[in-house]
Amino acid sequence: MDGAEILLESLKQEGCDTLFGISGGAILPIYDALGKQSDIWSILTRHEQGAGHMAEGYARATGRVGLCIGTSGPGATNLVTAITDAFMDSTPTVFLSGQVASPNIGKDAFQECDIFGITMPIVKHSYMVKNTQDIPRIVKEAFHIARTGRPGPVLIDIPKDMGEREFQGAFEYPESVTLRGYQPDAPAADEQIRAAAKLIAEAKQPILYVGNGVNSVDAADELLAFAEKINCPVTTTLLGRGAFPGGHALALDMLGMHGTAYANWAMHESDLIIAIGVRFDDRVTGNPKQWAPNAKVIHVDIDPAELGKIRFAQVPIWGDAKSVLNQFLEVVPAKTHHEWNARLDKWKADAPLTYEKEGKLKPQFVLQELQKATQGEAIMTTDVGQHQMFAAQYYNPKHTRSFITSGGLGTMGYGYPAALGAKVGCLQGHRPDTDVWCVTGDGSFQMNLQELATGVLYDIPVKIAVLNNSSLGMVRQWQKLFYSKRWSGIDLAKCPDFAKVAEAYSATGVTITHEDEVADAIREAQKNPGTVLLNFLTDAEADVYPMIPGGKSVHEMVVDGSGNKIPVGGWGKTHGGNGNVADIKEALETATSGDYAGEWNDDLKAGQLKI
Ligand SMILES: Cc1ncc(C[n+]2csc(CCOP(=O)(O)OP(=O)(O)O)c2C)c(N)n1
């Protein structure tokens with residue numbers, strides 16, 4: 001066998017069924033071997049970044065390790081965004097990069113670049129193959145590292161001659177891995193579990209704050225059982241969507257910058273935060289000094305570096321969410337919190353998500369219709385921007401691994417390739433018959449729309465909803481709120497006609513301008529067996545609310561941009577106010593003075609921003 005055949009045999013031993021990538025000079029030996037086999041589905045993408053996000057989407061939807069390949073030099077550097085994205089969102093992935101032949105390394109050879117060095121800060125681990133016979137061990141270790149502990153990307157850089165060189169010995173794939181100093185799955189200490197149980201028993205206003213760590217170990221069932229056992233409300237991060245069923249009586253939905261008012265208020269009022277698989281991200285905490293001031297913290301995380309990183313935890317627990325939740329279920333007695341939950345129910349009723357209904361087609365309305373049509377059964381991927389936040393707010397995935405978005409890096413161009421990867425995972429039998437929708441913006445979609453060719457060529461039927469507001473909407477919203485509407489670099493009015501673009505790639509494209517066309521368009525797309533792009537021409541003035549400005553606290557939350565809904569009798573009361581408009585205006589005035597002066601725009605100061 002030559003090195004390339006050894007590599008493919010090793011990948012098969014790992015159970016790989018799909019690889020996304022683009023060929024090139026240095027990786028030719030591996031593509032040559034790929035062409036001679038049919039066990040691994042080799043999907044040729046149109047850009048290496050697309051391939052990387054497909055591997056991520058595949059991994060996030062299935063829980064398996066996503067596999068991606070690119071050639072040396074520009075092929076490898078095109079992978080860098082996807083590798084960073086996988087690193088930030090702890091997505092189990094292996095990236096194979098071609099490298100120039102060993103004798104040429106360090107000589108500025110054609111398409112040489114030090115991808116090993118470039119990616120050093122953004123991988124969980126990396127390898128450069130120096131001996132063909134090392135390939136099975138390297139592959140075994142790479143997959144083990146990618147999927148265990150806090151998952152993440154692993155790079156294997158393969159010089160061209162390593163793929164070509166013959167190896168005379170018998171192929172042997174290691175059965176197990178032992179890596180000195182790497183013991184990622186230590187069981188949580190019993191004393192910590194007992195200490196947590198004590199805090200839970202004492203708490204009167206607890207809240208479960210859960211994130212990707214729950215989805216990534218498929219611990220949604222355990223979370224549901226535990227939340228119900230201790231009668232504790234649950235709020236999820238952006239990447240935690242799907243970890244807890246939307247619509248459940250204990251669901252507070254997403255928290256943070258664009259989270260629900262009731263989730264943020266509940267967090268502020270809580271006396272105990274049970275944080276599971278979350279990292280107290282700044283989009284959640286805003287100003288960490290003012291965040292949840294009265295709460296003790298139990299923090300469960302598979303990565304000990306996260307414990308106490310942002311917020312001191314009275315009980316830090318090093319362990320994976322599934323095992324720790326099972327330990328909690330054994331040890332923690334059942335409880336009720338009637339008074340606390342009744343208060344939260346009132347807040348939910350007083351301050352639901354809402355939006356201005358008048359005028360042009362609203363993106364929120366499209367999401368509501370998508371929710372109705374799919375019943376939360378579909379996998380939804382998103383890009384980055386306002387549409388991402390609307391999707392997180394209005395789409396309630398029924399299942400774990402069903403809301404796939406770029407959270408940490410916030411990568412525009414992620415959504416459609418990630419959707420293709422997720423759908424490939426479904427087609428490969430890991431989640432058969434699951435529909436995949438990509439909700440994207442007109443800016444984001446243009447960053448990787450070339451992958452329509454991949455979707456159509458390989459018959460990967462993803463449905464795409466472009467919420468087309470002819471602008472970089474999220475940037476526009478910030479310029480509206482914080483830069484006195486000095487529009488700069490946001491106008492996408494010269495967008496192509498996306499429906500025609502879809503047709504140019506032999507997909508189906510439809511443009512929708514009115515509310516009454518939305519439901520039918522979605523239904524038709526669901527019935528269509530191929531790739532469908534729905535180009536929704538939406539209102540550019542529809543902004544994302546609630547909003548807690550970056551670095552600020554819940555006191556500065558703008559509840560509703562439309563002026564339709566003020567949380568009367570709501571949270572303001574608990575803070576000595578009367579919960580009415582004046583109360584909220586006062587909060588906004590605080591936001592425009594002192595430390596915050598100059599950050600809110602003139603409209604807001606003049607009281608013209610409707611609240
Ligand atoms: C690759 C990349 N470049 C720039 C940004 C900064 N950014 C964040 S949101 C956004 C606008 C997104 O516009 P669009 O995709 O049209 O979505 P919308 O906000 O209009 O829904 C930009 C430019 C980013 N997140 N990613």
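Predicted model: local features only at pLDDT ≥ 70, side-chain atom pairs only at ≥ 80, totals over all residues.
1. Helix α16 covers residues 363-374 and helix α23 covers residues 515-527; their axes come within 10 Å and cross at roughly 40 degrees. That angle makes α16 oblique to α23, since anything under 35 degrees would have counted as roughly parallel. As for handedness, the crossing of α16 and α23 is right-handed.

2. Who makes that contact? On the α16 side you'll find Phe 365, Val 366, Glu 369, Leu 370, Ala 373 and Thr 374. Helix α23 answers with Glu 515, Val 518, Ala 519, Ile 522 and Gln 526. Sorted by class, the contact of α16 with α23 has seven nonpolar residues, plus two polar and two charged ones.

3. Next, have a look at Val 462, which sits in the loop between α20 (452-457) and β16 (463-468). Its relative accessible area is 0%, so Val 462 is buried. Which residues does Val 462 touch, leaving aside its neighbours within four places in sequence? The list runs through Tyr 416, Ala 419, Leu 420 and Lys 423, then Val 436 and Cys 438, and finally Gly 530, Thr 531 and Val 532.

4. Most residues other than glycine have a negative phi, and most peptide bonds are trans. Asp 108 goes against the phi part, with a positive value of about 55 degrees although it is not a glycine. You'll find Asp 108 in the loop between β4 (93-99) and α6 (115-118). Asp 108 has 74% relative accessibility and therefore counts as exposed, the cut-off for that being over 50%.

5. Arg 401 is another non-glycine residue with a positive phi, here near 60 degrees. This one belongs to the loop between α17 (386-394) and β14 (403-404). Is Arg 401 buried or exposed? At 12% relative accessibility, Arg 401 counts as buried, because the limit is under 20%.

6. Last, the peptide bond to check by eye: going from Tyr 545 to Pro 546 it is cis, with omega near -5 degrees. Pro 546 is placed in the loop between β18 (532-537) and α24 (571-574).

Key:
Residues numbered from 1 in each chain as written. Heavy atoms only, no water. Helix = DSSP H or I, 4+ residues; strand = E, 2+ residues; numbered from the N terminus. Buried < 20%, exposed > 50% of the residue type's maximum accessible area, 1.4 Å probe, protein only. Axes fitted to C-alpha atoms, helices over the stretch in contact; angles between N-to-C directions. Parallel < 35°, antiparallel > 145°, perpendicular 65-115°, else oblique. Left-handed = near helix turned anticlockwise from the far one by under 90°. Contact = heavy atoms within 4.5 Å. Nonpolar A, V, L, I, M, F, W, Y, C, P; charged D, E, K, R; others polar.
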